[in-house]
Amino acid sequence: MRDHGLGLRRMDLANLVCRLPFNSLRVLGYRLLGLRIGRNVRIGYKAHITSKTCVIGDDVMIGGRNNISVGEFRVGAGARIHSGNSFVGRGRIELGRDVKIYVDAYFDGWNSITVGDGTWIAKSCQFWTHGATKMTPDTSIVIGKGAYIAAAVLFAPGAGVGDGAFVGLGAVVTKRFPEPNCWIVGNPAAVVQSGYSWKEFWQ
């Protein structure tokens, strides 16, 4: 069986590291496995990281039960990744500074996924970069800066949204929406309002 992460022996070591009882031991263990980890990083119990290349910025929180096995994983300073998320595939996933990802999201990183600085991703979202599609030869996903992705949103291969976008509950995004500060809803998703600033209405 071909392994796309650290190799079988190092994956076994990662299985041990993720179960160490204290954050300081988990951070040290992952550093010894070659991960580049900044200052004041918190890695939760059973956060399993087997990416071949992994760079984690300062003041990042990675909650418990995350599975991070994508080929290349980069996280900007101040990001918050809560529990139970999956980042898989051979490609590259890059999360910007101060990104917030809540629980149970799925990132299919067989091609690249980029999430801009300050974007929030709510519960149970899915991002798919491969599969049966004729929409575009570029199946990477790009999420702009300062966007809000509500719960249970699905992104098809090649889809994306621009800076400041607000994507409503359960939307199915099947193409790219480069326009900044727009409100996107529906299946398939469409823009229903331009010039929309979701932060003005956040409570």
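The model is predicted. The structure holds twelve aromatic pairs. Nine strands form an open sheet with mixed pairing.

**Aromatic pairs**

- A pair of aromatic rings is described by the distance of the centres and the angle of the planes.
- The ring centres of F166 and W183 lie 6.2 Å apart, and the ring planes stand at 80°.
- That angle is over 60 degrees, so the pair of F166 and W183 is edge-to-face.
- This pair links distant parts of the chain, with F166 and W183 17 residues apart.
- F166 sits in strand β20 (residues 166-167), while W183 sits in strand β23 (residues 182-185).
- Ring pairs also build a cluster. Its members are W120, Y148, F166, W183, Y196 and W198.

**Burial of the two rings' residues**

- F166 has 17% relative accessibility, so F166 counts as buried. The cut-off for buried is under 20%.
- W183 has 30% relative accessibility, so W183 counts as partly exposed.

**The open sheet**

- The strand order is β2-β5-β8-β11-β14-β17-β20-β23-β24.
- The edge strands are β2 (42-43) and β24 (190-194). Each of these edge strands pairs on one side only.

- β2 pairs with strand β5 (residues 61-62) in the parallel sense. Two bridges join β2 and β5.
- R42 stands opposite M61 in β5.

Definitions and conventions. Residues numbered from 1 in each chain as written. Predicted model: local features only at pLDDT ≥ 70, side-chain atom pairs only at ≥ 80, totals over all residues. Heavy atoms only, no water. Phe/Tyr/Trp six-rings, centres within 6.5 Å; stacked < 30°, edge-to-face > 60°. Helix = DSSP H or I, 4+ residues; strand = E, 2+ residues; numbered from the N terminus. Buried < 20%, exposed > 50% of the residue type's maximum accessible area, 1.4 Å probe, protein only. Pairing = 2+ DSSP bridges.
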